[in-house]
Amino acid sequence: AGEVIYKLIGNFQYEVTVITYTKYDGQSILADHDTVQVSWGDGVVQTLPRTNGVDADGNGFLDGIIIATSPITIKKNEYKATHTYPGVPPPPNRFYIIEFYDQNRIDGINNIDNGNSVNIPFYVEDTLMFNADVNTIGFNSSPVLKNPPIDYAKINETFYHNPAAVDAEGDSLDFKLITPLQDQDNPVSLFYQIPDAYCLNCCTGTNTFTLDKHTGEIVWTTPCRVGVFNIAILITEFRRGVK
């Protein structure tokens, strides 16, 4: 799992944090990195070192933090840096796309190529938008998700998860399920099934997977098979009716 968060710290200056959650065993160690590359969207690409944990192996990089060991080992990784943009991007695109790309996902994701997922790229982005009248709408920080995008369900029991998104400026938030991406504008369409569709294809009975667009709450009725499942959520902010 992963997300990109940006925080306004000055005019056109942002602190950006890339957070990834990686399975730390087997083939999935391929998805564990001391550094990642981030594209800021204005033509600048920067290598960010990991900024959480301790340097237990003495290689000069922090190692991240193990947050779970059962049933699988999960590591949380943070990569943080600041960047100053040259100003409002010219029309027609008044935005910058902050991108993180990894050539590997973890292995064994049920609903991505039936578990053959380790070599399908992992990509997350955040869009930093500027209204034509910045003085009226103001600058913006992205919402922060208080609940990590790692959760456990039980077979045949209704599963609930809410990302608990909090917006510092009090902007209204809209939530939408999308197909996970493997790079910008390139979804994992040929390999991906939403969890309820996966269950309908593999197992018997009815199955529903829904997301409340106003609260972000996910309800899955009901998980059908042991394993790892991925989804992607697009969160859109509105301020005084302006996206």
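Two strands count as paired here if DSSP finds at least two bridges between them, and strands themselves are DSSP runs (E, at least two residues), numbered from the N terminus, while helices are runs of H or I with at least four residues. With that in hand, here's a first look: β7 and β8 run antiparallel and are joined by 8 bridges. What you're looking at is a predicted model, where local features need pLDDT of at least 70, side-chain atom pairs count only at pLDDT 80 or more, and totals for chains, interfaces and linings use all residues. Residues are numbered from 1 along each chain as its sequence is written, and side-chain values use heavy atoms, with hydrogens and water left out.

- Strands of a sheet pair through backbone hydrogen bonds, either parallel or antiparallel.
- β1 and β2 are antiparallel partners over 8 bridges, with I5 standing opposite T17 in β2.
- These two strands also make a hairpin with 2 residues between them, and F12 in the turn has a positive phi of about 65°.
- Further along the sheet, β2 and β6 run antiparallel and share 11 bridges; V18, for instance, has Y79 in β6 as its bridge partner.

**The second largest pocket**

- What counts as a pocket? On a 1 Å grid over the protein atoms alone, a pocket is an open set of points with protein on both sides within 12 Å along at least five of seven lines, whereas a cavity is a set where a 1.4 Å probe fits but cannot get out.
- The second largest pocket holds about 210 Å³ of space (grid points are joined across faces, edges and corners, and the volume is the space filled by probe spheres set on the points).
- Its lining has 16 residues, and I5, I19, K76, E78 and V144 are the closest to its centre; lining residues have an atom within 4 Å of a point.
- Two or more lining residues come from each of β1 (2-10), β2 (13-23), β6 (74-84) and β9 (144-145), and β2 gives the most, with 4 residues.
- Sorted by class, the lining has 7 nonpolar, 2 polar and 7 charged residues (nonpolar: Ala, Val, Leu, Ile, Met, Phe, Trp, Tyr, Cys and Pro; charged: Asp, Glu, Lys and Arg; polar: the others, Gly among them).

**Around β7**

- 6 of the 8 residues of β7 (residues 95-102) are buried, so this strand is largely enclosed by the rest of the structure (buried means under 20% relative accessible area, exposed over 50%, partly exposed in between, with a 1.4 Å probe and protein chains only).
- β3 (residues 35-39) runs antiparallel to β7, joined by 2 bridges, and S39 stands opposite E99 in β7.
- On the β8 side, F95 stands opposite M129.
- M129 lies in β8 (residues 122-129) and is partly exposed, at a relative accessible area of 39%.

- Another open sheet has 3 strands in the order β10-β16-β15, with antiparallel pairing.
- β10 (159-161) and β15 are at the edges, each with a single partner strand, so one side of each is left without a neighbour in the sheet.
- β15 and β16 pair over 4 bridges, and T210 stands opposite V219 in β16.

**Aromatic pairs**

- The whole structure has 11 aromatic pairs (rings of Phe, Tyr and Trp, its six-membered ring, pair if their centres lie within 6.5 Å; planes under 30 degrees apart count as stacked, over 60 as edge-to-face and the rest as tilted).
- Y198 and F229 have ring centres 5.3 Å apart and planes at 80°, so this pair is edge-to-face.
- Y198 sits in helix α2 (residues 195-202) and F229 in the loop between β16 (218-221) and β17 (232-238), 31 residues apart.
- F209 and W220 are also edge-to-face, at 5.6 Å centre to centre with 70° between the planes, and both are buried.
- Ring pairs also link Y6, F12, Y14, Y85, Y96, F130 and F139 into a cluster.
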